[in-house]
Protein chains: 2
Amino acid sequence: MRIRDAEADDWPAIWAFAQPIIAAGATYPWPRDTPEAWTRSFWMDKEPPGATLVAEIDDQVAGTVEIHPNHPGQGSHVANAGFMVDPAFRRRGVGRALGEAAIARAAADGFLAMQFNAVVETNTQAVGLWHSLGFTTLAIVPEGFRHPVHGLVGMHIMHRKLGS
Amino acid sequence: MRIRDAEADDWPAIWAFAQPIIAAGATYPWPRDTPEAWTRSFWMDKEPPGATLVAEIDDQVAGTVEIHPNHPGQGSHVANAGFMVDPAFRRRGVGRALGEAAIARAAADGFLAMQFNAVVETNTQAVGLWHSLGFTTLAIVPEGFRHPVHGLVGMHIMHRKLGS
């Protein structure tokens, strides 16, 4: 597996697995019909210290992470990040590798911490992964997410300091 | 005091106190030089169930609140709101009146809860006000806000269910 900065040419491969993930509505609090143009702009057009990385396996894009400031201005020293992994590449450590790369990249780019605002509690694989990478659950927003199968479920707000 | 929906004509009065509040950088995690055009669009151009209200005292705009979904899509049943009060009208209950009005309006418009992501812990008046209006602090994001005087301080994430 290789982690590298995303290039514009990567977008079709990313959208091929991102679109079904968004349409499923189970892990991202985005409209299930979020348009490709909006998503491409949000995911790919980053101003530093924002960044977009991809994980490659056998020259294929297996997953991606986008990093951006969680708040502007006086809150911009805390990063937020979004992750998506192609289901065809599950159980090969792509999420973990992207998580580790995002932590390292955000720290290198001067962010002091990373915060997630909306880790859906039924996404137990993600919750477990982030805890194993040093994130703590600051709080669970009660009934913060309307899951298409499970109804109203909680969302973890997670946090991890970066650097020493 | 009268609380009513904001109208486009209210903007100059709002900006007159909003600009110094933003420039002070002590309560909003926005760039201190946030442009008027961006602010006006964010504050005034709301798609329902988003809304903007003003508090009037003696036919003057004394404060304002904007309401919007805290997340899109599967998180859009939780409201977020931003409040600003003209310092010339402090200690007259404007913040409390706007808070109560925002809670009522968000509930009437179908939001199931209200969440604040960034109540700066040194803004003790706001923290106390929201607690007195039924919000609980879900968590304090450690060092989430770079205060121009106090340095890195915490930000309360607050939450309140709406309706019965």
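**View 1. Val65(B) faces Phe83(B) across a strand pair.** In this predicted model, Val65(B) stands opposite Phe83(B), a residue of β4(B). The strands in this view are β3 (residues 60-69) and β4 (residues 78-85) of chain B. They pair in the antiparallel sense, over seven bridges. Strands of a sheet pair through backbone hydrogen bonds, either parallel or antiparallel.

**View 2. Two helices of chain B pack across β3(B) and other strands**. Helix α1 (residues 11-24) of chain B lies across β2 (51-57), β3 and β4. Helix α1 runs at about 70 degrees to β3(B). Helix α2 (residues 36-44) of chain B packs on the sheet as well. Helix α2 touches β2, β3 and β4 of chain B. Its direction makes about 70 degrees with that of β3(B).

**View 3. Seven strands of chain B form an open sheet**. Follow the order: β1-β2-β3-β4-β5-β7-β6. The pairing is mixed. At the edges are β1 (2-5) and β6 (136-147) of chain B, each pairing on one side only. Neighbouring strands of this sheet are turned by 25 degrees against each other on average, direction ignored.

View 4. Buried residues of α3(A) include Val94(A), Leu98(A), Ile103(A) and Ala106(A). Gly95(A) and Gly99(A) are also among the buried residues. After α3(A) comes Gly110(A), with a positive phi near 100 degrees.

Notes. Residues are numbered from 1 along each chain as its sequence is written. Chains are lettered from A and ligands numbered from 1 in the order in which they are written. This is a predicted model: local features need pLDDT of at least 70, side-chain atom pairs count only at pLDDT 80 or more; totals for chains, interfaces and linings use all residues. Side-chain values use heavy atoms; hydrogens and water are left out. Buried means under 20% relative accessible area, exposed over 50%, partly exposed in between (1.4 Å probe, protein chains only). Helices (H or I, at least four residues) and strands (E, at least two) are DSSP runs, numbered from the N terminus. Two strands pair if DSSP finds at least two bridges between them. Axes are lines fitted to C-alpha atoms, for helices over the stretch in contact, and angles run from 0 to 180 degrees between N-to-C directions. Contact means heavy atoms within 4.5 Å.
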